[in-house]
Amino acid sequence: MTDIQSTLDELTKHTDKRTSVFEIEIQELKNHSLTLSGRLLDQAQLDELHRLLPGLKLDTDLVRILSRGAGERVHVTTNLTGLYERPTFGMPLSSELCYGTELEVLDQEKHWVLTRQRDGYLGWAYRPYLGEGLAPTPSHLVLAPAVEVRAEPDATSEVVTRVVGGTGVVVETTQDGWSHIAANKAGWIPSKDLRGIADLPQAVEEKHKTILEDSKRMTGVPYLWGGTSGNGVDCSGLARLLHRWIGVEIPRDADMQYRAAKRVEAPFEVGDLFFFAEGDSKRDITHVGICLGGWRMVHSSRVNNGVYTDDLQQRKSLMDIYVGAGSFLR
C-alpha cells in the first residue's frame, strides 16, 4: 500500500495544475485488486496508471475522466472575469479572461465550471459570466488598456460599459472617428482605439515597430498578479497582450513562454523576451520582460508596481537573476 501511495503522490507532485488534473485516492486494496476514486484530465493518464501499477487489477469505476472528446463550448460574456485555481472568489487570480474568450467546460461545482482554453490552460470560471456557444468572430482588437463604451458617438455621451485591451469585438459601423462595436454591451468607442484583424502586421520588421509603439500604451498600468489588462497586469500578461496586439498567441505564464520560445542571443531585437528566475519560487522562470532594443525592456513588476521600462545593464538586481532570452517572432 505504501509503494502504491508513493506512486500516486509522485504523480500528483509532478502534475501542473495549470494544464492537467490528477486527483486520485485509494479506496480499497484487496487481493491484488485496487479500487481508486477521483478525477483525471484524460484517458492517457488512466493508461499511465495501469502501466505504473503492474500486477494489480484496477477498479476505476469511481474515477471520472474530464476530457472525453469535444466538450461543451462557452464564451465570456462580461467585459472581464477572473480565472481561479479553485471554485471560489476567495482564491488569488490565476489569470483573467476578457469578453469573447472561448472555453471548454470540463467539470462543474455549483455556480463554477472548470474550463480549458484553446492553449490547454485550465481554471475555474464563474458560470453566470459565461454564455453558451462561441462569441461572434471579431473584426477588431481593442488597443487601449481600457476604454469606455458610450451610448452615442460623443465623448460626453453616457458610458454603457468598458472593454479592455486585447478584447476581440465586432465593428458594425463607423461615424466621425467613432466605431459602433458589439461586445458584452453594444456602443461606441474611438476608432483610434481599435486595430482591424485584417490590418495586423505581417512582416517581422512591422511587428517589431508595432510592439515598440504598443508598449507605450501600457506605461503606468499597475501590477496585478494574474492580471491581463489595463486594469492591472502581471509580467507574462503584458508579454501576452503585446503579442496578441500583433496577432501572435503565446502561452499564459512566464515559465510556459520560456519553454515555448525560440532561444536567441545578443544582439537582441525588439519583441524578444528576457526571462528571469528568482530563488524563492518553485517555478524555474518567474519573470519576463519584452525587449525594446538592446538591453532595454518594458515589463510589469512588483518593484515598479506596474509597467515601466528598464535597462538591464543598469539594473544589477535584474542581471543577477537573468536566465536568457527567447522569441516568438524570429
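## Proline 267 and its peptide bond

Proline 267 sits in the loop that runs between β20 (262-264) and β21. The bond linking alanine 266 to proline 267 is a cis peptide, with omega of about 5°. The structure described here is a predicted model.

## The chain overall

The chain has 25 strands and six helices. Along the principal axes, its C-alpha atoms fill a box of roughly 80 × 45 × 35 Å. Of its 330 residues, 51% count as buried. The accessible surface comes to about 16,100 Å², and carbon and sulfur atoms account for 48% of that area.

Among contacts with a separation of 6 or more, 55% are made by residues 24 or more positions apart.

## Nonpolar cores

The largest nonpolar core has 26 residues. Met218, Leu238, Leu273, Val288, Ile290, Val298 and Val307 are the members with the most contacts inside this core. At least two residues of the core come from each of α4 (235-244), α5 (254-260), β21 (273-276) and β22 (287-293). The element that gives the most is α4, with five residues. Apart from this core lies another, of 14 residues, including Phe22, Leu34, Leu46 and Leu49.

Methionine 218, listed above for its contacts inside the largest core, is in contact with Pro145, Ser229, Gly230, Val233, Leu238, Leu241, Trp245 and Val307 when neighbours within four places in sequence are left aside. Two of these partners, Leu238 and Leu241, are also among the buried residues of α4.

## Helix α4

Helix α4 is largely enclosed by the rest of the structure, because nine of its 10 residues are buried. The buried residues of α4 are Cys235, Ser236, Gly237, Leu238, Ala239, Arg240, Leu241, Leu242 and His243.

The space in the second largest pocket is about 980 Å³. Its lining is made up of 37 residues, and those nearest the centre of the pocket are Gly100, Thr101, Glu102, Arg244 and Glu249. By type, the lining residues divide into 18 nonpolar, 12 polar and seven charged.

Four elements, β6 (93-98), β14, β18 (228-229) and α4, each supply at least two residues of this lining.

Leucine 292 lies in strand β22. Its relative accessibility is 10%, so leucine 292 counts as buried. Residues up to four places away in sequence aside, leucine 292 touches Leu212, Ser215, Val270, Met297, Val298 and Thr309. One of these, Val298, is among the residues with the most contacts inside the largest nonpolar core. Leucine 292 and arginine 18 are 274 residues apart in sequence, and their C-alpha atoms are 30 Å apart in space.

Threonine 35 belongs to strand β2 (residues 33-40). With a relative accessible area of 12%, threonine 35 is buried. Not counting residues up to four places away in sequence, threonine 35 touches Glu25, Ile26, Gln27, Glu28, Asp59 and Leu62.

## Loop residues

Aspartate 176 is placed in the loop between β14 (168-175) and β15 (178-182). Although aspartate 176 is not a glycine, its phi is positive, at about 50°. Aspartate 176 is exposed, since its relative accessible area is 71%. Asparagine 305 also has a positive phi of about 50° without being a glycine. The loop that holds asparagine 305 lies between β23 (296-301) and β24 (306-311).

Threonine 137 is found in the loop between β10 (130-132) and β11 (140-142). Its relative accessibility of 70% means that threonine 137 counts as exposed. Threonine 137 and glycine 100 are 37 residues apart along the chain, and 8.8 Å separates their C-alpha atoms. Gly100 is one of the residues nearest the centre of the second largest pocket.

Notes: Residues are numbered from 1 along each chain as its sequence is written. This is a predicted model: local features need pLDDT of at least 70, side-chain atom pairs count only at pLDDT 80 or more; totals for chains, interfaces and linings use all residues. Side-chain values use heavy atoms; hydrogens and water are left out. Buried means under 20% relative accessible area, exposed over 50%, partly exposed in between (1.4 Å probe, protein chains only). Contact means heavy atoms within 4.5 Å. A nonpolar core is a set of buried Ala, Val, Leu, Ile, Met, Phe, Trp, Tyr and Cys residues joined through side-chain atoms within 4.5 Å. On a 1 Å grid over the protein atoms alone, a cavity is a set of points where a 1.4 Å probe fits but cannot get out, and a pocket is an open set with protein on both sides within 12 Å along at least five of seven lines; lining residues have an atom within 4 Å of a point. Grid points are joined across faces, edges and corners, and a volume is the space filled by probe spheres set on the points. Ala, Val, Leu, Ile, Met, Phe, Trp, Tyr, Cys and Pro count as nonpolar, Asp, Glu, Lys and Arg as charged, and the others, Gly among them, as polar. Accessible areas come from the Shrake-Rupley method with a 1.4 Å probe; for residues, only the protein chains shown count as cover.
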